[in-house]
Amino acid sequence: MKILIPTPLRQYSNKQSAVELKAATVGEALSGLVTQHPDLRRQLYTEEGKLRAFVNVYLNDEDVRYLQKEATRVRDSDTIAIVPSIAGGRA
Amino acid sequence: MLKIYKSAYEFIRRHGEQTYPHECCGVLLGQMNGDGRVVTSAVPCGNTRTDSPQNRYHIDPKELVRIQREGRERNQDILGFYHSHPDHPACWSSTDLAEAHWFGCSYVITSVEKGKAVLTNSFLLDGTGEDDKHLDEEPIQIAL
């Protein structure tokens with residue numbers, strides 16, 4: 001399966017825009033990703049090992065928060081997109 | 001420096017005028033090459049902060065997933081984001097900084113006063129993580 005790396009995180013993935021790996025669940029896939037690219041761990045996870053609140057993870061077109069979160073099962077043909085949130089405002 | 005096609009530059013300013021007195025928001029697509037970062041198109045997004053659109057914006061991550069995918073098909077990357085400040089300076093706020101997480105990307109802000117776009121500024125998010133991030137003003141060069 002493929003994990004798409006957003007622009008701001010490519011400096012931690014040897015400039016790769018996508019990483020291919022084998023995994024059974026979303027959690028395994030992300031764990032495999034940070035094992036391959038350890039500098040990504042701090043960007044994606046808190047010190048307590050939880051995904052940072054502003055990190056959205058999509059399995060194909062579905063937010064995994066509304067599936068089984070990191071226990072969501074994945075297939076070889078699936079794509080995971082990591083999407084940091086975008087927000088702000090004048091006040 | 002952020003280079004931006006004139007059509008994209010004018011588009012984001014117009015978008016701010018169209019959504020006034022609410023904040024507009026969208027994505028900046030383009031390429032990083034020997035010329036640096038060049039924004040070739042701006043994609044408008046919906047503002048999900050319908051509870052406070054006059055001073056807040058939020059882009060649905062599902063839109064970003066779609067825009068990112070469509071951009072890849074056209075060999076375009078997400079280079080940054082834009083939004084407007086109705087009747088407020090084109091300068092980042094503490095909220096803008098707190099909610100900024102796309103390091104190396106530009107955050108473009110347009111002040112819209114009484115419905116007319118005034119100033120458009122760009123700020124590059126730099127730092128190594130949430131603890132030391134900062135937004136640095138960068139010049140905008142409009143490419144014809």
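## Strand pairing and chain contact

In this predicted model, B:Leu124 stands opposite B:Asp136 in S8(B). The two strands concerned, S7(B) and S8(B) (residues 134–138), pair in the antiparallel sense over 5 bridges. S7(B) (residues 116–126) is also joined to S6(B) (residues 106–113) by 7 bridges, and these strands run antiparallel. Here B:Tyr107 has B:Phe123 in S7(B) as its bridge partner. S6(B) and S7(B) form a hairpin with 2 residues between the strands, in which B:Lys114 takes a positive phi near 50°.

Chain A has 2 helices and 6 strands. From the N terminus on, its elements follow the order β-β-α-α-β-β-β-β. The radius of gyration of chain A is 13 Å, close to the 12 Å that the globule rule gives for 91 residues, so chain A is as compact as a globular protein of that length. Its C-alpha atoms fill a box of roughly 45 × 30 × 25 Å along the principal axes. Of the 91 residues of chain A, 32% count as buried. Among contacts in chain A between residues at least 6 apart in sequence, 54% join residues at least 24 apart.

An open sheet in chain A contains 5 strands in the order S2-S1-S5-S3-S4, with mixed pairing. Its edge strands are S2(A) (18–20) and S4(A) (62–63), each of which pairs on one side only. S1(A) (residues 2–4) and S2(A) run antiparallel and are joined by 3 bridges. Within this pair, A:Ile3 has A:Val19 as its bridge partner.

Strand pairing also links the chains: 3 bridges join S6(A) to S4(B) (residues 57–59), and the two strands run antiparallel. Across this link, the bridge partner of A:Ala87 is B:His58.

| Strand pair | Bridges | Example of residues paired |
|---|---|---|
| S6(B) and S7(B) | 7 bridges | B:Tyr107 and B:Phe123 |
| S1(A) and S2(A) | 3 bridges | A:Ile3 and A:Val19 |
| S6(A) and S4(B) | 3 bridges | A:Ala87 and B:His58 |

In the contact between the chains, 21 residues of chain A touch 28 residues of chain B. On the side of chain A, the elements that give two or more residues are H2(A) (40–44), S3(A), S5(A) and S6(A) (86–88). The residues of that side divide into 10 nonpolar, 7 polar and 4 charged. Helix H2(B) (residues 61–73) lies across S3(A) (55–59), S4(A) and S5(A) (79–84), running at about 120° to S5(A).

Technical notes: Residues are numbered from 1 along each chain as its sequence is written. Chains are lettered from A and ligands numbered from 1 in the order in which they are written. This is a predicted model: local features need pLDDT of at least 70, side-chain atom pairs count only at pLDDT 80 or more; totals for chains, interfaces and linings use all residues. Two strands pair if DSSP finds at least two bridges between them. Helices (H or I, at least four residues) and strands (E, at least two) are DSSP runs, numbered from the N terminus. Two residues are in contact if their C-beta atoms, placed from the backbone, lie within 7 Å. Axes are lines fitted to C-alpha atoms, for helices over the stretch in contact, and angles run from 0 to 180 degrees between N-to-C directions. Ala, Val, Leu, Ile, Met, Phe, Trp, Tyr, Cys and Pro count as nonpolar, Asp, Glu, Lys and Arg as charged, and the others, Gly among them, as polar. The radius of gyration is taken over C-alpha atoms; the globule rule is 2.2 Å times the number of residues to the power 0.38. A residue is buried if 20 or more other C-beta atoms lie within 10 Å of its own, exposed if 12 or fewer, and partly exposed in between; C-beta atoms are placed from the backbone.
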